[in-house]
Amino acid sequence: MKHIRIGVLALAALILLPSAAVAQQPVGDVADGNDSPGLLDISHFYGVKTVSDGPLTIRIHFFENVKSSMFTKSSKDKVSVYFDASPNYDGVADYTGIVRQTNSGDLEFLISGSGSSFDPLKVTRPNRRELKTIVPGNSPPNPNGPLEIKVKTVYVSTSGACASGCQDRAPDSGWLLT
């Protein structure tokens, strides 16, 4: 009887441990605490694909209002999205997207990596605290199936706490599985 209990416990551990590891990786949406000084403190972000080969919608929300003019090409302020598009999820960014303001004042999302650069994607502003872009499906940074993404911001002020730059990440560690 003792051997049966040990066997049942071992089997339960084998079943529960892998699912616990998977449950720790956020899927679709990440809330981030009000933990970084400056205007580019991430409130939450999400990356959603409704079908395996479909487009990836990325939305980044901030605690403060954010002006599009913060993202000029000469600005030190940055919003970057990292893509781990390899099927083995090796934790290495294969592609990086950066939000930049065009000369006409619009925002664009510039993706590069793995020796390639891609046509700019449009960034919209659903409200003053949010950036949104859509990465086409079946593209190198958004291959068929799930992928991992994370966001990093850098805000540099002329004085005060962020004069040397304040950074925020979401998730704070690891990646978001889409």
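**View 1. The salt bridge of the predicted model.** This predicted model holds one salt bridge. Its partners are E130 and R59, whose closest N and O atoms are 2.3 Å apart. Are the two partners buried or exposed? E130 has a relative accessibility of 2% and therefore counts as buried. R59, at 18%, also counts as buried, because the cut-off is under 20%.

**View 2. The largest nonpolar core.** The largest nonpolar core contains 32 residues. Within this core, F71, V79, F83, F109 and I149 touch the most other members. Strand β3 (residues 56–62) supplies the largest share of the core, namely four residues. As a general background, nonpolar side chains in soluble globular proteins tend to be buried together.

**View 3. The surroundings of F109.** Which residues does F109 touch, if those up to four places away in sequence are not counted? The contacts of F109 are V81, F83, G97, I98, V99, P120, L121, V123, T133 and V135. One of them, F83, is also listed with F109 among the core residues that touch the most other members.

**View 4. Strand β4 and its two pairing partners.** Strand β4 comprises residues 78–84 and is mostly covered, with six of its seven residues buried. Strand β10 (residues 148–155) pairs with β4 in the antiparallel sense, and seven bridges join the two. In this pairing, D84 stands opposite E148 of β10. Strand β5 (residues 95–101) also runs antiparallel to β4, and four bridges connect them. Here V81 stands opposite G97 of β5. In a regular strand, the side chains alternate between the two faces of the sheet.

**View 5. The loop residue S69.** S69 is found in the loop that lies between β3 and β4. Its relative accessibility is 45%, so S69 counts as partly exposed, a class that lies between the limits of 20% and 50%. Where along the chain is G105 relative to S69? The two residues are 36 residues apart along the chain, while their C-alpha atoms are separated by 7.4 Å.

**View 6. A charge over a ring, and the aromatic pairs.** The charged end of K150 sits over the ring of W175. The distance from this charged end to the centre of the ring is 4.4 Å. As for pairs of aromatic rings, the count for the structure comes to two.

Technical notes:
Residues numbered from 1 in each chain as written. Predicted model: local features only at pLDDT ≥ 70, side-chain atom pairs only at ≥ 80, totals over all residues. Heavy atoms only, no water. Phe/Tyr/Trp six-rings, centres within 6.5 Å; stacked < 30°, edge-to-face > 60°. Lys NZ or Arg CZ within 6 Å of the ring centre and 35° of its normal. Core = buried A, V, L, I, M, F, W, Y, C linked by side-chain atoms within 4.5 Å. Buried < 20%, exposed > 50% of the residue type's maximum accessible area, 1.4 Å probe, protein only. Contact = heavy atoms within 4.5 Å. Salt bridge = Lys/Arg side-chain N within 4 Å of Asp/Glu carboxyl O. Pairing = 2+ DSSP bridges.
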